[in-house]
Amino acid sequence: MSDHIQLQIHHVSIIVSDTMKALRFYSGILGLKTCERPDLLFPGAWLQLGAQQIHLLEVPNPDRNEDRPEHGGLDRHTAFLVNDLDAVRQQLELQDIYYTLSKSGRRALFCRDPDGNAVELIQDLSAVT
């Protein structure tokens with residue numbers, strides 16, 4: 001790639017089977033806020049994450065969800081920095097959402113959203129006082 005081309009992530013799309021159920025996880029537990037979404041031909045939601053977005057797409061999933069590894073770190077996943085990993089762990093436990101701790105020794109954990117998509121939550125060390 002040329003030295004003058006700069007790339008940034010604009011958004012990540014995640015396939016879900018039920019937008020409202022997915023929003024209970026991404027907004028209700030992770031705290032992401034919805035943002036304006038154009039009128040598309042399928043259900044979904046857009047969530048703001050700083051300057052980036054997460055797009056939830058309620059479309060047929062071309063991937064098989066069975067035979068996924070128990071530990072989400074061994075699967076494709078979306079990783080989020082969090083300012084308080086202990087509070088996130090508490091929320092996951094209150095909602096009976098299974099998670100595993102990072103095998104790297106970092107302050108991070110892996111869980112799955114309601115559709116089995118792996119999510120990594122990493123303690124933002126700059127947020128620790």
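Which backbone oxygen does the side chain of Asn117 reach? I shall answer that directly, after a word on the model.

This is a predicted model, in which local features need pLDDT of at least 70 and side-chain atom pairs count only at pLDDT 80 or more, while totals for chains, interfaces and linings use all residues. Residues are numbered from 1 along each chain as its sequence is written, and side-chain values use heavy atoms, with hydrogens and water left out.

To the answer, then. The side chain of Asn117 reaches the backbone oxygen of Ile15, at 3.1 Å. With the side chain of Asp113, the Asn117 side chain makes a polar contact of 2.9 Å. A polar contact here is a pair of N or O atoms within 3.5 Å; within protein, one must be able to donate a hydrogen and the other to accept it, and residues adjacent in sequence count only if both atoms are side-chain atoms. Asn117 itself is found in the loop between strand 7 (108–112) and strand 8 (118–123). Helices (H or I, at least four residues) and strands (E, at least two) are DSSP runs, numbered from the N terminus. Asn117 counts as buried because its relative accessible area is 16%; buried means under 20% relative accessible area, exposed over 50%, and partly exposed in between, with a 1.4 Å probe and protein chains only. Leaving aside neighbours within four places in sequence, Asn117 is in contact (heavy atoms within 4.5 Å) with Ile14, Ile15, Tyr26, Arg68, Cys111 and Arg112.

Let me turn to strand 4. Strand 4 covers residues 52–57, and five of its six residues are buried. Two strands pair if DSSP finds at least two bridges between them. Strand 1 (residues 11–15) runs parallel to strand 4 over five bridges, whereas strand 3 (residues 44–49) pairs with strand 4 in the antiparallel sense over six bridges. His55 of strand 4 takes part in both pairings: Ser13 stands opposite His55, and Trp46 has His55 as its bridge partner.

What lies between strand 3 and strand 4 in their hairpin? There are two residues between the strands, and in this hairpin Gly50 takes a positive phi near 65°. Gly50 lies in the loop between these strands and counts as exposed because its relative accessibility is 62%. The C-alpha atoms of Gly50 and Leu32 are separated by 9.7 Å, the two residues being 18 apart along the chain.

Just after the helix, Gly31 takes a positive phi of about 80°. The buried residues of helix 1 are Thr19, Ala22, Leu23, Phe25, Tyr26 and Ile29. An α-helix has 3.6 residues a turn, so residues three or four places apart point the same way.

A nonpolar core is a set of buried Ala, Val, Leu, Ile, Met, Phe, Trp, Tyr and Cys residues joined through side-chain atoms within 4.5 Å. The largest one has 23 residues, and those with the most contacts inside it are Phe25, Tyr26, Leu56, Leu92, Cys111 and Leu121. Helix 1 gives the most to this core, with five residues.

The structure holds one aromatic pair. Phe25 and Tyr26 form it, edge-to-face, at 4.9 Å centre to centre and 90° between the planes. Rings of Phe, Tyr and Trp (its six-membered ring) pair if their centres lie within 6.5 Å; planes under 30 degrees apart count as stacked, over 60 as edge-to-face and the rest as tilted. Phe25 counts as buried because its relative accessibility is 3%, and Tyr26 because its value is 0%.

Finally, strand 8. Glu120 is found in strand 8 and is buried, with a relative accessible area of 5%. Ile122 also lies in strand 8 and is buried at 18%. The C-alpha atoms of Ile122 and Val82 are separated by 5.9 Å, although the residues are 40 apart along the chain. Beyond four places in sequence, Ile122 touches Ala79, Phe80, Leu81, Val82, Arg106, Arg107 and Ala108.
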